[in-house]
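Open the structure in your viewer and keep the selection tool at hand. We will go from stop to stop, and at each one you will hear what to select and what is there.

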Amino acid sequence: MSQFLANVFPTESNIPESYRIGSPIEQREYLINGEMRTWTGNLNPVLSPVFVKEGDTFTQKLIGSTPLLTTKESLEALEAAVNAYDLGHGVWPTLSVTGRIEHVEKFLESMRKKRDEVVKLLMWEIGKTLKDSEKEFDRTCDYIVDTIKAYKELDRNSAKLVEEQGFMAQIRRVPLGVSLCMGPYNYPLNETFTTLIPALIMGNTVVFKPAKYGVLLIRPLIETFRDSFPPGVINIIYGRGRETVGALMESGKIDVFAFIGTNKGANDLKKLHPKSHRLKAILGLDAKNPAIVLPDADLDNAVSECITGSLSFNGQRCTALKILFVHKSVVDSFIKKFSATLDKMKPGMPWESGVSLTPLPEPGKVEFLLDLVEDAKKHGATIVNDHGGEHTHTFFYPAVMYPVNDKMKLYYEEQFGPVVPIVPFDDDEEAIKYVLNSNFGQQVSIFGSDSKRVANLMDAFVNQVGRINLNAQSQRGPDTFPFNGRKDSAEGTLSIADALRVFSIRTLVATKSTDENKQIISTIIRNRESAFLSTDYIF
Ligand code: G3H
């Protein structure tokens, strides 16, 4: 074991009382058709990335277990969602905008009361720091508030009738049907809810399967879901993907597939749907976002942005900077500053004050990262920072690898963890070619001040990636900005407003603008005879 990391894991008594997990949480509950059911079958153990020290022994903390449901329960959840949608005639898809908003507001109000519980589980289940776990929770609440606001605006804009070429019409957004929502382990609350909430508010019914890790933290919200929505509108299932989600897709009854994960996982699941043309997919997938540091970049800013870009939450962000192209003329100073800044990052447990490097939740992740490091070494790179690559159990101290080249796995593969590859370059074309030839196309960050050179790079990337960041790390936020990707990185665009669009379709009532038709339309509106054809709107 690394001496440097010998004390990174705590003894039980080192853990502050308010953050102790106590005895494991045995979760047997799941939600189908507004009913909390109790599972009596096998359970899936939930192991924290945190090990606890007792004498010389380190034991991975067992924090609970979740139901290992089978195809049967999964199909029951689907049936409940299908019935609640009722071919678009269910209570939920036909409820007024005000009505649906009231349900979501009720949900948000009780969700806020669960903050402490969810935050604590975020720390224990995925090793996210206290500060970032709180941020994830609060950002999710803000997202819901903003979604409600955006939905009201959307509704206001569709309240009027349009006249065009002798036709008059009312165009509104309506739900798509039954949605399957699956989130990722790195943002098990936030990213999941950025599809779940828009899906619900637009009138779809949902089967929701929590991420692989970060599962228990949904438990405190199950009653909240149950009490806030009509039966069958939201159903929550647990278990192995193949048995549960596979059967849902094979049924052909899923209309919207919202998935944040790997492109391989998304492909495999999409293929199971018998009528692919009926399936709308909203996908957030893999990425290998490069940073390009030009000779005239403000190095202090570039280093600071590249540090957070590549290492916040230990590099486990889809938007993380996963390869740094640094111009040869500044690469030595860049590495020196980067390593010095990294030296100041504190390794430790998520609840410790000032900590930013924490253990990794994925089993086998340390070995995977070590393999990338070894492969890079074999092809000529070295670890250039102190203690880089030192590890103990689930903890891996960031390794900065230099010089990285195209023979190494690290050049192409998404590490999704604390290994930082630095590629020296002479000619900007080298970085351009990297982006052009990459299978991924999420974002890129350019650091520099020569406007002509920066503009040249920007224009080279605009048809390759979803977002180009100037003198800033890659990121999703602000959540009002479009978040998408090209190639294997995404399908569809998310943002507060875009998410409302992707979970709905525009339907219109149109007629020729004759006196007789106008008469019928105005009678319907005046007498409030239709829920769709109406000029009412909410403030
Ligand atoms: O994992 C991908 C997340 O969408 C990234 O969001 O850039 O706000 O960390 P973030």
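Start by selecting K365 and E362: their side chains make a polar contact at 2.9 Å. A polar contact here is a pair of N or O atoms within 3.5 Å; within protein, one must be able to donate a hydrogen and the other to accept it, and residues adjacent in sequence count only if both atoms are side-chain atoms. You are looking at a predicted model, in which local features need pLDDT of at least 70 and side-chain atom pairs count only at pLDDT 80 or more, while totals for chains, interfaces and linings use all residues. Residues are numbered from 1 along each chain as its sequence is written, and side-chain values use heavy atoms, with hydrogens and water left out.

K365 belongs to helix α12 (residues 365-378). Helices (H or I, at least four residues) and strands (E, at least two) are DSSP runs, numbered from the N terminus. Is K365 buried or exposed? K365 is buried, because its relative accessible area is 6%, and buried means under 20%, exposed over 50%, and partly exposed in between (1.4 Å probe, protein chains only). Now show what K365 touches beyond four places in sequence: Y185, L360, Q415, F416 and G417. Contact means heavy atoms within 4.5 Å.

**Next stop: a residue with positive phi**

Stay with F416, in the loop between α13 and β21. Its phi is positive, about 45°, although F416 is not a glycine. Most residues other than glycine have a negative phi, and most peptide bonds are trans. F416 is buried, at 15% relative accessible area. For another such case, jump to N33, in the loop between β2 (29-32) and β3 (35-38). The phi of N33 is near 55°, and N33 is partly exposed, with a relative accessible area of 37%.

**Two cis peptide bonds**

Select Y402 and P403: the peptide bond from Y402 to P403 is cis, with omega near -10°. P403 sits in the loop between β20 and α13 (409-412). Then move to G477 and P478, also joined by a cis peptide bond, with omega about -10°. P478 is in the loop between β24 and β25 (486-487).

**The seven-stranded sheet**

Switch to a cartoon view and find the open sheet of seven strands, ordered β17-β20-β21-β14-β13-β23-β24, with mixed pairing. The edge strands are β17 (382-383) and β24 (467-470); each has a single partner strand, so one side of each is left without a neighbour in the sheet. Two strands pair if DSSP finds at least two bridges between them. Strand β23 (residues 443-447) pairs with β24 in the parallel sense, over four bridges. To see them side by side, select Q443, which stands opposite R467 in β24.

Helix α15 (residues 451-461) packs on this sheet and touches β13, β14, β23 and β24; its direction makes about 175° with that of β23. Helix α11 (residues 331-343) lies across β13 (289-293), β14 (321-327), β20 (399-402) and β21 (419-425), at about 140° to β14. Axes are lines fitted to C-alpha atoms, for helices over the stretch in contact, and angles run from 0 to 180 degrees between N-to-C directions.

**The ligand**

Which residues surround the ligand? Select R139, N186, Y187, E191, R317, C318, T319, Q475, R476 and F483; each has a heavy atom within 4 Å of it. A polar side-chain atom of Y187 is 2.3 Å from a ligand oxygen atom, and one of R317 is 2.7 Å from a ligand oxygen atom. C318 takes part through a backbone N or O atom, 2.7 Å from an oxygen atom of the ligand. Alone, the ligand exposes 310 Å², and the protein buries 95% of that. Accessible areas come from the Shrake-Rupley method with a 1.4 Å probe; for residues, only the protein chains shown count as cover.

**Last stop: helix α6**

T192 is buried at 1% relative accessibility, and beyond four places in sequence it touches G183, P184, Y187 and F208. Further along, P198 is found in helix α6 (residues 190-201). P198 is buried too, with a relative accessible area of 0%. Leaving aside neighbours within four places, show its contacts Y143, F193, A499, L500 and F503 to finish the tour.
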